[in-house]
Amino acid sequence: MAHAALVSVLQLLDQTTHTDQFHSVSCVKQQVETLIEKFCFLQSFLEDDSPKSQYVKNTYLERRIREAAYKVQDIIEFNVLNQLCPERDGSPARSPPPPPPEASNSTRTVKKPSWRLLFTLQKFLSLQKQIKENVEHGANYVKELTENSADKIKKLNVVDEVCSIVEEVMKIKQSQNTEHIFQVTRNYSAEVNSPRKMTMVGFDEDLMEIKDQLCGDSSKLQIIPIVGMGGIGKTTLATNIFHDPLIEYHFHIRAWATISQRYNIREIIRSLLSSISTNTDKLSRETEDREMELAVCLYKSLKGRKFLIVLDDIWSTEAWDDIKMLFPDDRNGSRIVLTTRLVDVAVYANSFGPFHNIQFLNEDQSWNLLREKVFAEEICPPELEEIGKLIARNCRGLPLSIVVVAGILSRVNKTRYKWENIARDVSSAVTRVNGEHFSSNILSLSYDHLPHHLKACFLYLGNFPEDYEIPVFKLITLWVAEGFLKPIQSKSSEEVAEEYLKDLVKRSLVYVTRTRSNGGFRFCSIHDLLRDLCIRKARDENFFHFMNGIQFTVEDKRRLCFSKAFESYHFKNANTAIRSPLRSVFSCYYNERLTGFSLLRVLDVLEVVFESFPVELLQLFHLRYIAFSTGFIRHCTLPPSLPKLRNLQTLIVGSSVTFGITDPMVAACLPIWKMPQLRHLVFLNINLSPFPCETDEEFAFLQNLQTLSRVRNFRFTREAVEMIPNLKKLKLVYTGRSHVHMSVYELENLVHFQKLETLNLKFQTSTDWWRDPVPVRFGLPLNLKKFTLSGCGLSSEDLTVIGSLANLEVLKLLNVSVVGALWEVVEEEYSRLRFLMMEWLDIKNWLAESGCFPSLERLVIRHCSALENIPSGIGETPTLRVIEVDDSEMAADSAEEILEEQRDLGNDDLQVRFGH
């Protein structure tokens, strides 16, 4: 977690360099730049992929880096808070010196906090004695890193500690005699023979499919990747393929090599040669230091012969680049099977064909595997079958878990009592084999091989409940609020987070459970065993702690997650919370004492229902993320003093009840114009205070604001649009009696949102608004990618404007009335549209020229009873995969005709689905 700590503290220090006062205070400038330089050096060292950088992993040095970064961050943020709220720790007020004239004339909401931060840094960096006192005051939560260096570190202040770490790293980088440090204990797969055939359950279809590829008619050399998470059975499947009688007969030569993370080309070649012939030992010994001669020998051995090569456990594209030239392509039907956890490696090795993705076992397959491993040829006693199926089901379909649990069951008495004990905590049993964490060690390879910048993000997934579908939007905003993400020029933090998540998915550590209509990730999850791994690693590295009701202390903890069974918690004394470094709390229970954790950044109590906003949260100056729920939002108002949370980035207010937009309510008027750090506002319904056009008070541009959802009846004046220029996602709800009434909201100005990608407009005018939709004038930004429109009337000109949006990928028309009940599409329109939904439309005739919708992948038609047909030309769209029709009889008949026509033309990819 050293990398995440460095990224976070560098962001804090960087705040001071973007102020006008920074360059006028020389002592602060010099010291801050020194700290930034040293921390950047350490960050670069951690990101270095060279062998020497591996020395830092799992050593006390990484812990020293992490704790030093934590200390600097804690001291700065404690002192900033004390300057703003000196009463929190009982200290007398310590006012900073007056800012220079240019600062006092600047905008209050932006400049004042920065000047206080500079003052704090000046005290921190110049008054070493004061620093030492502050550190000692909070020393209860600082654990010294190793016994052999504890005394030395205690004698140093934080700045000296950072310098000491940098000096040690420099010695490592300059050392020329440290190769012995990097020796890998794992053998480089120099086995003479391939692995023996293994018990395989649930992979029959996979086996047949890959055998068909191996024995197919194609004469060129083909690469067949097998992809899946650790322990899912990739090697087992490859082994059984390798030893299949048909495969043995089909290929002249079969050879096997395991690559591993730290591969050695010479050892790989020797392993392949050993598989081919037992007479290569002499040659291997004679050419032990001549890698090229070994490579030539292997190439000649394969030349002109039909071979099958299995390359097990490839971790990088570089490894494939180093290996692929060893295999000749004589166009004689040779094949290479490779297994990997990384989708990127599979695609890189086989860019012109699909890869084989291994899925989890179902419940029946899991039980069959467990039963075969435990009883072999014996019959399972009837009294154990029910509990045995429960144990198998709790292994969640991961073959590795099942095999390890079977090993435990086979060594205990086969009684129901014994099996019930194991069933109570299978996840614990999986990691307990002869006292060793067998399954954990295998799964840990995926974690250990992660780049430093992904480790904190991966461990963070352990915060979420077991088998929980994690909303991707929520996950990304949490990563941003925590400060895990290293800034990348020209990309927002959210874009960086999306790249991180995609990387984790490609590494088979995270799987996507639901996608968006444009193909993006909507929900994701992790396997239970990987979640257990996250919790263990996070606890070991003091990253976060899962609390289950047991009495605990919080002096040294930075993130806490309370289980649903936890109802209350207590502290040893009042100062515990005040001096705690706690940054994040995830809980289904709320206690006012939470506000005592003065450095709190993240408070996720979304399962807690408030009837009014807890005003005590306004004391949390450093709060960046808050999520809670309300039972009846008309009773839950947001205080006008909310801008006191100057660092707030994300505010999410959910609801435990569902009600209509026309229900009587008093929605809060949120004064966002004094909250420059805001990035995301998500509500069931919220009224924003209108932008004050005529006032002498100055406001900050909300340059960070990206999401507004669901905003009610907001007036988009040109000035308001200019104050939120970087908005990317906007969800609006409007109520009114006529189009004249709607015109006051100036929706034509939406066209000026140049970065807006997602727009959702919903209009409701009365209790029977769907029968008489109101025509509304609105503007559409040119870069719009996703547009949802509901509850209004559209003219043919409006549809033409929508169709002209060059980047539009998703269009949802819901409860829309089209003038004339005719929709005519010409060839130039909707050129990039991938997803089209039509629901409760009164269209009768839909006309489209041949070649329209050239990128359409999915068409959904619901409750369009008047629609007489689907244009037949849509079936000719080469990208179309799915047509869904529900409660639209004539459209359903048209869809069937399209399907039959495409089947006659040989298009077997198109699917047509009908609702009930």
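In what order do the 5 strands of the open sheet with parallel pairing stand? The order is S2-S3-S4-S1-S5. This is a predicted model, where local features need pLDDT of at least 70, side-chain atom pairs count only at pLDDT 80 or more, and totals for chains, interfaces and linings use all residues. Residues are numbered from 1 along each chain as its sequence is written, and side-chain values use heavy atoms, leaving out hydrogens and water.

**The parallel sheet**
- Strands here are DSSP E runs of at least two residues, and helices are H or I runs of at least four, numbered from the N terminus.
- Two strands pair if DSSP finds at least two bridges between them.
- Strand S2 (253-258) and strand S5 (356-357) are the edges, each pairing on one side only.
- S5 joins strand S1 (residues 222-227) in the parallel sense over 2 bridges, with Val227 opposite Asn357.

**The antiparallel sheet**
- Another open sheet has 3 strands in the order S6-S8-S7, with antiparallel pairing.
- Its edge strands are S6 (470-471) and S7 (511-515).
- S7 meets strand S8 (residues 521-525) over 4 bridges, and Tyr511 has Ser525 as its bridge partner.

**The nonpolar cores**
- A nonpolar core is a set of buried (under 20% relative accessible area, 1.4 Å probe, protein chains only) Ala, Val, Leu, Ile, Met, Phe, Trp, Tyr and Cys residues joined through side-chain atoms within 4.5 Å.
- The largest one has 120 residues, and Phe39, Leu370, Phe458 and Trp479 have the most contacts inside it.
- Helix H3 (residues 60-84) gives this core its largest share, 10 residues.
- A second, separate core of 98 residues includes Phe610 and Leu808.

Technical notes. Buried means under 20% relative accessible area, exposed over 50%, partly exposed in between (1.4 Å probe, protein chains only).
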